[in-house]
Amino acid sequence: MTKPVVLIAEELSPATIDALGPDFEVRHTDGADRSQLLPALADVDAVLIRSATKMDAEAIGAAKNLKVIARAGVGLDNVDIDAATKAGTMVVNAPTSNITSAAELAIGLLLACARNIAPANEALKGGRWARSKYGGVELLEKKVGIVGFGRIGQLVAERLKGFGVEILAYDPYVSVQRAGQLGARLVTLDELLAESDFITIHLPKTPETIGLIGKEALAKVKPSVRVVNAARGGVLDEEALAEAIADGRVAGAGLDVYAKEPCTESPLFDFESVVVTPHLGASTEEAQEKAGVAVARSVRLALGGDLVPDAVNVSGGAVAEEVRPGIDLVEKLGRVFTAVAGSVPVQLDVDVRGEITEHDVSIWELSALKGLFTAITEDPVTYVNAPLLAQERGCESRLLTDADSEAFRNVTTLRGTLADGTVVSVSGTLTGPKMVQKVIGVNGFDLEVPMSQHMAFFSYVDRPGVIGALGRLLGDADVNIASMQVSRNDEGGPALVALTVDSAIPEDVVTAIGVEIGADTVRTVDLG
């Protein structure tokens, strides 16, 4: 059996290769060299990159089998996520791999600013003993303002406790209670700017945060303030900061990130009170190893057909263990729905009932869409592009949940409205210790048949002789019936027979059965 191919496009830790394991063919290339990268992508299933490899639309288009782009780090500026989504390619990163390293560097820059470590070092190495020139300030009893109180901001707060500082935090998405638990006082941005002796920035770069700490903000700070940015370039306006330092309105700064990188020239470099590093936030042995191992595990999950919590272009997030067994069931229900409906619905409800709703089952909506489109498009359908395929075909979906379920502990029903107003429904559940997948309802008819690779559904008017005709025609075609169930609501009224068979029913036999029993609808499903 051919192994999936994983392309390593940049230098990664040996632990990354070990985490991939023996189940893949691993190749290497220089991702920064387009002449090497593009041909190397031709037949790979996954590519692992860092920051030097650009996975843009051209590169993604060159990789016809590509299922996963894995960035061993946090930022994704070098990945065209829209192009990847359209291609059905999952994009994963390692969002928590560098948070400790980034927090520690921010504190290092803060201390370096406070004690003038960088210029004193340079002076002494240059033969000057300048003790009086490079006096600094203590952190004890100072106010440190943390702009952005997410994971890294909170780590910074925890590590600063030992310095005896008062911590101010600004983050519109963090509660007063959470900030208080970490010993921080939640304030407005203006309050933070006015009161802080040190300001450290830990915000993502978004349209709302670009230039947030700029000319207007820096006009509100103490002249003794020192500003640190080890988060994202562009959040701090570097030109405005240089002007403020030159005018004596800011005492100093520590920067690891810049609006344009690599950055080798800046007016900030002229000031001894500014400490700069070349984007070293994630550049520790530990962070690089964590990032590589994390994305290697994600690649294993993705190429194994599993959900990846760190996928940035797949909604659903982390999946509880209790929810995982239902993912495959719901995907198969989607395929059964398409077969029974014969078309794509304009509205699909994924109705989940029972105790499973105590957990987040949003991934089941994706699973239903993936199953819905698998049999009707030539393109590969993944958790990534299934919502896009639904949008392109005018199919809206929604997830409904209810803790009450009457007949079974948990029931999932796919209920869709077709373009002509017809409503089609398919229900399923998992039963017993072995979590057996079963179809328990089709279009209002109650059933309980095991999910099988080969299934068939015939609707007709209830009358004698139908079951015999079915058995005879299938027997003549050498198709063995594994299970059969007939469902009806009234004697002599509409009825449905559901079959599981050991092999696919030939088309001519399906047609003959439909004619023989006078079927209203004849639908077969192949889940192979």
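Val 486 lies in strand 20 (residues 481-488) of this predicted model. Together with Ile 467 and Met 484, Val 486 makes a nonpolar surface patch of about 210 Å². The relative accessibility of Val 486 is 38%, and therefore this residue counts as partly exposed.

Glu 289 is found in helix 12, and because its relative accessibility is 41%, Glu 289 counts as partly exposed.

How much of helix 5 is covered? Twelve of its 17 residues are buried, so the helix is mostly covered; buried here means under 20% relative accessible area. Among the buried residues are Ile 99, Leu 105, Ile 107, Leu 109, Leu 110 and Cys 113. Just after helix 5, Asn 116 takes a positive phi of about 55 degrees.

Salt bridges form the next topic. A search of the whole structure finds 27 of them.

| Side chains | Distance, N to O |
|---|---|
| Arg 34 and Glu 58 | 2.7 Å |
| Arg 398 and Asp 349 | 2.6 Å |
| Asp 351 and Arg 415 | 3.5 Å |

The side chains of Arg 34 and Glu 58 meet in a salt bridge. This pair links distant parts of the chain, with Arg 34 in helix 2 (residues 34-40) and Glu 58 in helix 3 (residues 57-62), 24 residues apart. Arg 34 counts as partly exposed, because its relative accessibility is 26%.

A salt bridge also joins the side chains of Arg 398 and Asp 349. Arg 398 lies in strand 14 (residues 396-402) and Asp 349 in strand 13 (residues 347-354), so this pair ties together parts that are 49 residues apart in sequence. Arg 398 is partly exposed, with a relative accessible area of 43%, whereas Asp 349 is buried, at 8%.

Asp 351 forms a salt bridge with Arg 415. Asp 351 is placed in strand 13 and Arg 415 in strand 15 (residues 410-417), so the pair ties together parts that are 64 residues apart in sequence. Asp 351 is buried, with a relative accessible area of 5%, while Arg 415 is partly exposed, at 30%. Elsewhere, salt bridges that share partners join Lys 143, Glu 166, Arg 185 and Glu 195 into one network.

Methods:
Residues numbered from 1 in each chain as written. Predicted model: local features only at pLDDT ≥ 70, side-chain atom pairs only at ≥ 80, totals over all residues. Heavy atoms only, no water. Helix = DSSP H or I, 4+ residues; strand = E, 2+ residues; numbered from the N terminus. Buried < 20%, exposed > 50% of the residue type's maximum accessible area, 1.4 Å probe, protein only. Patch = residues over 30% accessible without salt bridge, like charges linked within 9 Å, V, L, I, M, F, W, Y side chains within 5 Å. Areas by Shrake-Rupley, 256 points an atom, 1.4 Å probe, with all protein chains shown as cover. Salt bridge = Lys/Arg side-chain N within 4 Å of Asp/Glu carboxyl O.
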